[in-house]
Amino acid sequence: MDFSCNIAEQKYSSFVLLLDAKLADDVGNIEVELYLLTKFVKASVSFCDQICLDSNQVARAKCFQELIFNGLFGKLFVKSSGVRKFLLQTEESLWAPSNMYLLLPLESEDIPLKINWTGIESCVSAVEFLRINAVLNFQKPEITDGNSSPVASDPPIATKFSDDNNVIHLANISASVDSLKEMVVVAIHTGRIYSILDSVANTSSESPFEGDSDTNYSSFADYYLKKYCIVLKHPEQPLLLLKQGHNSHNLLVDFRNEGAPLENKSDGKKVVEKPQQHAHMPPELLVGININTEILKSFYLLPSLMHRIESLMLASQLRDEISRHGCNFNISSSLILEALTTLRCNESFSMERLELLGDSVLKYAVSCHLFLKYPKKHEGQLSSIRSNIVCNSALHKLGTNRRLQEYVRDCAFDPRRWAAPGQRTIWPSPCDHGLEMTEVPLDDIKYYGEDKKLMLGKACDLGHRWMISKTISDCVESLIGAYYVGGGLNAALSLMKWLGVEAEIEHSLIDEAIKVASLYCYAPKVDEIGVIESKIGYKFCTKGLLLEAITHGTGPEQGVGYCYQRLEFLGDAVLDVLITLHLYENHRNVDPGELTDLRSASVNNDSFALAAVRWNLHPHLLHGSLHLDNQISAFVKIVSGMTSTASLAPEIKAPKALGDLVESITGAVFIDSKLDLEQVWKVMKPILSPIVTPDKLELQPSRELIELCDSLGYFIKENFNAKGDLVQVELKLQLEDVLLNGQGSGPTRKAARGMAALRILKQLEKRGITSSKRKKHETDDVDPTWSKDVETSESARKKQKVHELQQQQQPGINRDLVSSESTEIPVVPPIEMKKGGPRQSLYELCKKLQWPMPSFETMEQKSRTPIQIGDATGFNSFESQICLTIPDFGKIELTGEARADKKSSFDSAALVMLHELARRGKIVIGERRVQSLMWILN
């Protein structure tokens with residue numbers, strides 16, 4: 001393991017990882033970037049030659065690992081039965097057979113590798129010294145005859161020292177002042193590890209003790225006497241300036257902002273580097289170790305690096321399990337790891353992109369299988385069967401049958417919970433699930449929960465954790481996507497077979513489908529078929545497939561026994577996977593959310609219908625419906641006034657038959673070419689072009705308004721009613737100083753909402769409030785009354801079953817508050833006093849009453865000594881001021897109580913605000929009904 005920093009002057013020692021088995025090639029040869037606050041370090045892992053250790057070397061290496069890992073990230077002095085003991089001389093076993101490896105420093109990066117046995121031996125010697133001389137019991141010293149000065153017995157110092165002023169006497173060794181710099185030491189009274197920065201001139205243990213609030217101690221000698229009952233033997237020695245150790249951090253998360261000063265991406269504020277914590281200490285209380293700070297700095301990198309290696313090993317283990325069942329396509333472990341990683345992990349990668357692709361691949365494979373297997377079933381029946389196969393509940397069952405829940409990574413790496421072999425964790429998490437075994441019996445209903453208070457992702461010491469059931473179904477789709485990317489369609493189909501998805505394609509059935517279509521009589525339409533072939537640039541071998549593709553269910557020749565619906569069912573899935581793959585491969589740096597938006601903007605009836613009109617395919621649709629003819633004519637008229645790249649305004653809905661026509665032609669080409677996806681894309685890509693790109697992406701007005709208001713802390717209220725074939729929607733948006741109204745009407749609630757949202761967006765734009773994706777539609781001013789001719793009243797009624805705009809904005813919001821339009825005082829449920837509870841109550845209140853979200857400002861105070869803040873003790877205290885603007889009332893500004901962390905101070909301020917609102921008669925705090933979600937324990 002080699003480490004290189006982007007700041008050349010910063011050096012880190014190389015390490016060797018010793019295991020009893022060889023890692024997979026793509027696990028043992030990796031590069032990982034580790035992000036520190038003001039720099040980053042590239043860790044390079046590669047295979048080395050086999051290294052053999054004898055039993056004595058293994059014992060010394062284990063001793064080294066125990067000392068450093070426990071000294072840095074744990075505790076060397078622990079309490080057992082109320083007695084303070086040195087951890088490395090207790091009977092407690094620190095090594096588990098299931099987790100055995102050694103991390104040892106190297107002398108250099110040269111080959112052959114040379115382990116730094118000098119430093120390891122020094123650590124072993126330090127352990128032996130501490131076993132004899134560690135200050136474990138703080139007993140009061142004896143007092144002499146009436147004199148207040150204590151008389152010390154022999155101090156815990158191993159060596160008698162000279163009086164040379166250039167020599168500093170540590171507890172176990174003597175060294176010159178210059179040689180002490182950057183030496184690593186262990187305190188004999190606390191077991192903490194430090195590095196020496198320098199000796200402090202003109203100081204001694206009789207110097208005043210540092211800290212303005214530490215008035216109880218007159219000097220350092222007095223401090224150690226009163227607190228630790230230590231009488232210093234050499235108080236005249238200068239104090240040493242020490243750099244304190246710190247907790248390990250998650251270095252896999254990048255807080256940099258594209259090379260600019262490091263910023264936190266969540267709020268855009270600069271990350272402030274906290275001043276380093278230094279300490280002053282008498283030399284005789286420190287045990288010197290012959291390792292330098294380069295080794296010590298590398299230790300802070302190891303938890304994050306080992307977590308990544310362990311995660312890749314887990315992915316490799318799953319790959320091996322899948323390969324044992326005949327699915328051996330050598331998919332990279334990093335790709336599988338991506339498919340197992342949720343957004344909750346806060347990594348630079350997640351399953352979202354692969355899930356999007358896998359969803360399309362799964363839909364495509366199942367659609368092909370069903371189309372060929374059931375030639376007599378119509379589109380509705382095929383869609384129903386497909387839905388049952390690819391629904392979340394079905395995928396969840398398949399995933400748990402293959403125990404995928406044991407592989408999914410669903411929470412951010414917490415280095416405090418990570419422990420190296422030989423390290424005793426100081427952050428235990430005992431199991432409270434009533435299980436003594438690691439495996440969870442998922443057939444037992446008690447291991448399914450609906451309490452939204454459950455802690456997700458965090459595992460107990462037995463490895464049990466709660467997980468949203470949908471996460472497992474998402475993992476199934478992302479794994480399919482990973483195998484498709486890494487091994488093509490055959491790999492994805494093989495994985496589906498392993499999962500239990502019936503999606504195999506029998507090629508004999510393709511010939512059968514072509515044979516059936518070849519029997520259709522196309523002679524009367526031979527000229528029209530030729531025209532279509534010339535337009536799309538593809539000549540059909542089986543003309544009957546194209547005839548079927550252009551025949552509507554109301555075709556003029558009734559009783560022919562076919563229409564385009566089955567081919568539409570197939571073509572929909574084919575276009576879905578082709579467009580999704582195109583977007584996935586051409587926009588690799590686009591985040592998953594935007595990739596989903598790109599697919600939604602490309603794979604929909606409106607975009608397909610536009611393509612049908614622009615390529616003049618609509619005249620070839622064979623139908624016998626006057627109403628459909630009127631719809632198409634009205635739509636063609638609108639499209640003729642648009643540019644070739646313009647998108648439809650939200651109030652315009654294209655006739656579904658035109659989008660179906662493009663999908664059915666796609667399905668016909670797909671079958672005629674014997675499932676050749678490349679050939680289909682060659683034909684359909686020009687027809688569908690231009691395919692939307694991130695710079696041309698326009699969000700629907702409803703979605704744009706939701707995201708804009710969410711970013712600004714505003715809430716939207718929606719009212720709607722239906723009048724005949726038209727739906728009318730009114731949106732209300734409360735700003736600090738004005739209430740904005742937007743009204744819209746259309747054949748569906750979605751269309752009407754889009755028009756209302758567009759009008760509010762225009763009002764916001766006049767006030768200087770805009771979204772980065774706000775673009776003017778060419779048809780913004782089109783009269784919506786045309787839509788009566790474009791959408792049937794039956795389809796309009798079907799599409800009215802849409803969730804409220806508010807529900808789309810923030811799912812899971814408590815609905816127990818009384819409506820803001822009621823004359824009654826709103827009732828707020830009892831406030832949850834756990835972390836985040838008061839803020840959630842206040843946010844829900846603001847949402848329901850359409851008050852702008854409150855803002856917080858925080859002041860931080862630091863102390864050199866621990867301070868008691870409520871039930872917590874810490875060195876920092878946070879006090880937050882909250883400001884809430886109530887429309888037609890004014891601002892309320894209050895300050896909460898000091899708390900030990902920032903978020904708790906937010907809760908304190910929110911709690912003060914809620915009680916102030918109750919005092920002013922704005923709310924009543926009452927009872928609450930329970931709302932829950934479904935989780936799964938695994």
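Visitor: Hi! How many helices and strands does the chain have?

Guide: Hello! There are 26 helices and 25 strands in the chain. Keep in mind that this is a predicted model.

Visitor: Noted. And what share of the residues is buried?

Guide: Of the 938 residues in the chain, 50% are buried.

Visitor: What about contacts between residues 24 or more positions apart? What percentage do they account for?

Guide: They make up 71% of the chain's contacts with a separation of 6 or more.

Visitor: Let's look at the open sheet. What is the order of its strands?

Guide: The order is S13-S12-S11-S10-S14, five strands with antiparallel pairing. Strands S13 (278-281) and S14 (286-292) stand at the edges; each has a single partner strand, so one side of each lacks a neighbour in the sheet. From one strand to the next, the twist averages 40°.

Visitor: How many bridges join S11 to S12?

Guide: Five bridges link S11 (residues 193-199) with S12 (residues 240-244), and the two run antiparallel. Serine 199, for instance, has leucine 240 in S12 as its bridge partner.

Visitor: Nice. Which strands does helix H2 touch as it packs on the sheet?

Guide: Helix H2 (residues 55-73) touches S11 and S14, and its direction makes about 80° with that of S11. Helix H3 (residues 117-133) also packs on the sheet, touching S10 (183-187) and S14. The direction of H3 makes about 165° with that of S14.

Visitor: Switching topic: at what angle do the axes of H9 and H10 cross?

Guide: Helix H9 (residues 379-390) and helix H10 (residues 392-401) have axes that cross at roughly 40° and come within 5 Å.

Visitor: Last one: is proline 415 buried or exposed?

Guide: Proline 415 counts as buried because its relative accessibility is 10%, and the cut-off for buried is under 20%. Proline 415 lies in the loop between H10 and strand S15 (448-449).

Visitor: What does proline 415 touch, leaving out residues up to four places away in sequence?

Guide: Proline 415 touches Ser248, His249 and Asn250. Proline 415 and serine 304 are 111 residues apart in sequence, while their C-alpha atoms are 7.1 Å apart in space.

Conventions
Residues numbered from 1 in each chain as written. Predicted model: local features only at pLDDT ≥ 70, side-chain atom pairs only at ≥ 80, totals over all residues. Heavy atoms only, no water. Axes fitted to C-alpha atoms, helices over the stretch in contact; angles between N-to-C directions. Helix = DSSP H or I, 4+ residues; strand = E, 2+ residues; numbered from the N terminus. Buried < 20%, exposed > 50% of the residue type's maximum accessible area, 1.4 Å probe, protein only. Contact = heavy atoms within 4.5 Å. Pairing = 2+ DSSP bridges.
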